[in-house]
Amino acid sequence: MPGKSENGYSVMNTIHAVQKDPADKGRVHSEINRNSSQEVSIPFRMRWRCTIQKWVDWIFFPFLAPLIIFILKHVRKNRIQNLKKIRMLFKRIAGESKIPTLICANHLTKVDSIYIHHAFASVFFYWRHFRLFSWNIPAKENFWTNPLDRLVTYLGKCIPIVRTGTPEHHKEVLDTLRYLLSRGELCTVFPEGGRSPKGRVDVENVRYGVGTILNALPDYRVICVYLRAESQKEMTDLPPKGDTLYFDFKVITPQSVQKGRRAERDISRTIIRKIKEMEEVYFEQRKE
């Protein structure tokens, strides 16, 4: 079970964040008073855009989510191992604290984030606790090609990122994720930055953006996820039809004694190594 990090940042400045969740019908959902090394802020237009998107997504969620789950379960005929246990643990962990929580996972298919959502909670649970339905950052090159993709991406709490975009664009996306995390929202990222070409986690291919997001936060935790269809050999667009998916997750609080870019690098490497370790456990179990 994770504990709060003790990174020594807690005696400097102050974050005062009031989080409203659509599921609470406008009531104040949480209040986070926390000392931090710096305030988390983004331009007003970004804050406004996230707020509007979250409300719109919540309104349409009861209509779109069941359809996607139906496709996943009855058209693709995929199921996730130990689903009840995973959901029970996630509810306990996510509900115990509103500490900024980033989900980091391996990446083998274009729809991994959907399966992660499905593994962690039911549609009804998410609708009642919509902040726990994590934000995602899909590649705009893959999910912004036609109006339907754009609509589904928007309604799925996604913030598209252009992988070949400018440093200013990447910074804006990372700042937005950090802002959302600081307000108790969950976010999902893939530390490799894209799908694993060889079907295995590549620790040398880690992107330091995940460290950039976390290093600027006063306190945080990371849920490392390892997801893989049993017959998955390499990266694909979708998990094999009819396959069962292995799902494991661990909670860690990666820290670094370094500062700046070195700290971001250390944090990112700690996360990817943990996911790699989980992958090794997966394959070790199949040798027995």
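Contact here means heavy atoms within 4.5 Å, and helices are DSSP runs of H or I with at least four residues, strands being E runs of at least two, numbered from the N terminus. This is a predicted model, in which local features need pLDDT of at least 70 and side-chain atom pairs count only at pLDDT 80 or more, while totals for chains, interfaces and linings use all residues. Residues are numbered from 1 along each chain as its sequence is written, and side-chain values use heavy atoms, with hydrogens and water left out.

In α1, residues I52, Q53, V56, D57, F60 and L64 meet T153, Y154 and L155 of α6.

## Nonpolar cores

A nonpolar core is a set of buried Ala, Val, Leu, Ile, Met, Phe, Trp, Tyr and Cys residues joined through side-chain atoms within 4.5 Å, where buried means under 20% relative accessible area, exposed over 50% and partly exposed in between, with a 1.4 Å probe and protein chains only. The largest such core has 35 residues, and L102, C104, L214 and I271 have the most contacts inside it. A second, separate core of 31 residues includes L72, I80, I103 and F190.

## Salt bridges

The structure holds 14 salt bridges, each defined as a side-chain nitrogen of Lys or Arg within 4 Å of a carboxyl oxygen of Asp or Glu. In one of them, the side chains of E172 and R45 meet at 2.6 Å, N to O. Because E172 lies in helix α7 and R45 in helix α1, this pair ties together parts that are 127 residues apart in sequence. E172, at 25% relative accessibility, counts as partly exposed.
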